Amino acid sequence: MYNIDAKGMHFKELNEQVRAAVKDGEDEITLQNVNGQYYIGVGIREKPTITIEGVPGNDLAAFMDGPTLRVKSNAQDNIANTMNSGKVIIEGHAGDVLGYGMRGGKLHIKGNVGYRVGIHMKGYKKQIPTIVAGGTAGDFFGEYMAGGVLILLGLEGTDVKTNPIAGDYLGTGMHGGKIFVRGEIDPTRIGAEVGILDLDENDHKLLKKCLEDFCADFDLSVDDIMKEPFKKLEPITDRPYGNLYAY
Amino acid sequence: MFKSHVLPEYLATIDTDKCIRCKRCIHNCGWGVYSWSGERVLIDTQKCVKCLRCYHYCPVEAIEIEDSKTRYKDNSSWTYKNIRNIKKQAETGGMPLSGMGCDLPLPILFDNMLLDACQVTNPSIDPLREPMELRTYLGKKPDKLEVERTKDGKLKLKEGFKMTPQIKLDAPFMFSPMSFGSISLNAQKVLAMAAKECGIVMNTGEGSLHEDLLPYTDHVMVQVASGRFGVNPDYLNAGVACEIKIGQGAKPGIGGHLPGEKIPLQVAKTRMIPVGSDALSPAPQHDIYSIEDLRQLIYALKEATEYKKPISVKIATVHNVAAIASGIVRAGADIVYLDGFRGGTGAAPNVIRDHMGIPIEHAIAAVDERLRQEGIRNEASVVAAGGIRSAGDAAKAIALGADAVAIGTAALMTMGCTVCGKCYTGNCSWGITTQRPELTARLDPEIFGERLANLIRSWKHELMEVLGALGVNSIESLRGSRERIRGIGLDTETLDMLGIKAAGT
């Protein structure tokens with residue numbers, strides 16, 4: 001157990017101290033009094049567990065490759081930007097552009113997420129990035145998605161008209177991967193490139209596995225969550241813009 | 001099926017008296033122009049793109065590729081290209097697409113600039129027998145150096161003085177970013193081998209770093225663009241610098257669509273997308289909507305590389321380029337890479353390529369001037385690209401204020417490219433802009449790496465001759481020295497903009 005008091009510290013100094021502690025072999029680090037410092041966990045390739053007390057700033061876990069970060073409060077924008085592996089757990093809400101270009105690892109958010117979450121996520125064979133959000137999402141959820149898994153739960157209750165689970169342009173430009181949504185999806189608000197489908201057996205297995213992990217992080221019940229039916233969004237074609245050009 | 005009204009562009013012909021039926025043309029053509037009838041070679045001229053691969057590999061010189069003689073009636077407004085595009089668009093509903101840079105006859109200001117030379121009043125220098133320095137360092141330069149004397153009286157950097165990270169180039173040249181996917185792995189190897197041989201750098205573009213390039217990483221710059229293809233911490237730390245790609249001269253303001261034809265398993269794997277899907281690079285980087293956001297990504301990369309690599313930001317040159325470049329420098333970039341509107345591409349919609357952006361000559365002058373006025377010219381190096389055709393262009397670009405130039409199209413020419421402009425089809429018969437294994441196999445990295453190295457050697461000699469004639473012995477003395485350029489046939493406004501005098505004054 002290793003503590004760093006981040007009070008009044010510039011991000012550069014804080015991250016230097018974190019990197020130094022990781023290099024010294026500390027595998028459980030707590031950052032206290034964090035207040036908006038950028039880039040926590042950026043580029044770290046070892047596998048420590050870092051607990052963050054306070055609100056971390058943008059680009060948390062960007063390019064991260066291994067650590068587990070647990071944020072005890074809300075978090076801001078650009079979390080898990082181009083993240084390669086590891087895990088980020090947010091106990092509150094999180095902001096916009098989460099998991100942009102994410103290549104692997106997990107991002108679990110207990111609350112709501114903002115705009116353009118999970119855009120251009122990728123995946124190859126066993127490297128499947130996963131984002132699970134317990135609440136609702138803003139517009140452009142899963143835009144340009146090329147791989148991986150996005151799951152939206154709406155645990156606080158949603159209503160397709162007054163409090164929809166996702167904003168407009170859900171899955172627009174999607175050409176790979178899967179989006180699972182608990183509850184109803186408004187078909188007028190999804191991207192032109194995706195279709196709303198029922199889950200097959202493999203989907204159920206995948207979903208259950210992802211939710212078990214999510215629920216373990218927040219002490220929730222998988223069975224309760226899975227009582228509600230899920231829908232799946234998948235691309236209609238893996239080449240949505242094949243006819244855009246005259247050769 | 002209706003017959004297309006689009007006129008064939010070229011007429012491929014075979015002199016049957018000369019033809020020895022060796023079928024090499026059939027084998028060499030990536031476009032399927034030639035086929036075998038059982039007795040002779042058949043020609044489907046509609047498919048010909050005039051890449052001239054067949055011409056070069058016909059052992060008896062039986063092949064001629066001419067521009068198709070049948071043209072629409074002469075009309076200066078409704079040109080052949082305009083009519084052809086309209087018919088194509090009517091038949092497909094798609095946007096006409098092109099590979100390579102803008103080919104319209106717009107003014108090329110390099111051709112309206114002449115360099116000075118020494119006569120009588122100051123001596124010129126002979127570069128063959130006297131030292132001539134082309135070494136170039138790219139990166140933020142400190143406001144001042146702090147030095148101290150050692151015991152034996154020599155100067156050295158003061159203890160504790162930390163120099164900002166730099167890219168070391170043996171000559172002010174680089175290869176512009178071209179990704180694995182847009183070009184073949186063999187073409188990337190050619191660039192890497194030549195870069196190593198010549199002490200300069202190549203740039204991965206946005207398509208990850210293939211493991212075959214690992215032996216060359218001291219001469220590789222890695223790129224982070226909006227698709228984030230192949231980006232992980234190992235990649236960011238692998239090369240000599242990281243580049244954030246905001247824009248490309250050939251297609252300012254739009255993203256990339258690497259067509260599914262160029263996404264076989266290997267490329268799909270490195271990009272982590274489905275085989276045969278189009279690789280989409282979004283138009284913006286969605287984590288950058290402002291200069292402040294750019295600063296955020298620049299410093300994210302600096303954190304990820306522990307401040308050991310210079311960070312370059314590449315933009316297309318657009319109307320307000322000077323103010324944008326100033327913002328980029330203030331955001332913390334160590335290098336500003338300017339890509340002029342004549343710059344090449346694997347694919348760009350014609351409407352963007354031919355109508356957007358400004359030439360590199362204007363951009364260098366505007367950016368260099370603005371950074372000087374603001375007192376931040378030392379904060380970042382300026383790389384100029386997009387239409388550098390010769391060492392002469394390079395010398396003029398440097399005299400206008402660039403620290404180095406980057407070349408893409410010229411480098412591809414050494415591999416066989418004839419600028420046919422069909423890179424987006426994935427059928428390149430020279431094995432450059434294709435992923436078809438039977439085509440890529442014909443590009444031997446060793447042979448063509450040497451040819452590209454030869455081009456750079458030749459340009460080095462030329463640049464040294466230019467410096468010698470100017471009476472200076474270092475590229476540093478030419479950098480930003482606009483006094484050594486005169487304009488010819490340019491109006492006062494353009495001369496003022498470029499910061500040069502008219503010839504004769």
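Which residues of α1(A) are buried? The buried residues of α1(A) are Phe11(A), Leu14(A), Asn15(A), Val18(A) and Val22(A), where buried stands for 20 or more other C-beta atoms within 10 Å of a residue's own, exposed for 12 or fewer and partly exposed for what lies in between, with C-beta atoms placed from the backbone. This is a predicted model, in which local features need pLDDT of at least 70 and side-chain atom pairs count only at pLDDT 80 or more, while totals for chains, interfaces and linings use all residues. Residues are numbered from 1 along each chain as its sequence is written, and chains are lettered from A and ligands numbered from 1 in the order in which they are written.

**Helix α1 of chain A**

- Helix α1(A) covers residues 11-23, 13 residues in total; helices (H or I, at least four residues) and strands (E, at least two) are DSSP runs numbered from the N terminus.
- From first C-alpha to last, α1(A) reaches 18 Å, close to the 18 Å expected at 1.5 Å a residue; the expected span is 1.5 Å times one less than the number of residues.
- Phe11(A), Leu14(A), Asn15(A), Val18(A) and Val22(A) are the buried residues, and they lie on the same side of α1(A) because they cover an arc of only 90° around the axis. The arc is that of the directions from the helix axis to the C-beta atoms.
- An α-helix has 3.6 residues a turn, so residues three or four places apart point the same way.
- Exposed Ala20(A) and Lys23(A) sit on the face of α1(A) turned away from its buried side.
- The buried residues of α1(A) pack against β1 (2-5), β2 (28-35) and β3 (49-55) of chain A, together with α7 (291-304) of chain B; a contact requires C-beta atoms, placed from the backbone, within 7 Å.
- Gly25(A), which follows α1(A), has a positive phi near 95°.

**Strand β13 of chain B**

- Strand β13(B) spans residues 220-224, and five of its five residues are buried.
- Val220(B), Val222(B) and Val224(B) point one way from β13(B), and Met221(B) and Gln223(B) point the other way.
- In a regular strand the side chains alternate between the two faces of the sheet.
- Strand β12 (residues 202-203) of chain B pairs with β13(B) in the parallel sense over two bridges, with Asn203(B) opposite Met221(B); pairing requires at least two bridges found by DSSP.
- β13(B) also pairs in the parallel sense with β14(B), residues 241-245, over four bridges, and Glu243(B) is the bridge partner of Gln223(B).
- Together with helix α5(B), residues 233-238, β13(B) and β14(B) make a right-handed β-α-β unit. Right-handed here describes a path from the first strand over the helix to the second that runs clockwise with the strands pointing away from the viewer.

- Chain B is divided into domain 1 (10-73) and domain 2 (170-502), with bounds from an automatic or database domain assignment.
- The C-alpha centres of these domains of chain B lie 35 Å apart. Their contact takes nine residues from domain 1 and 10 residues from domain 2 of chain B.
- Arg482(B) is in the loop between α15 (475-478) and β22 (485-487) of chain B.
- Arg482(B) is partly exposed, because 18 other C-beta atoms lie within 10 Å.
- Arg482(B) touches Ala399(B), Leu400(B), Gly499(B) and Ile500(B), not counting residues up to four places away in sequence.

**Sheet β6-β22-β23 of chain B**

- Three strands in the order β6-β22-β23 (chain B) form an open sheet with mixed pairing.
- β6 (113-115) and β23 (501-502) of chain B are the edge strands, each pairing on one side only.
- β22(B) and β23(B) pair in the parallel sense over two bridges, and Gly487(B) stands opposite Ala502(B) in β23(B).

Definitions and conventions. Contact = placed C-beta atoms within 7 Å.
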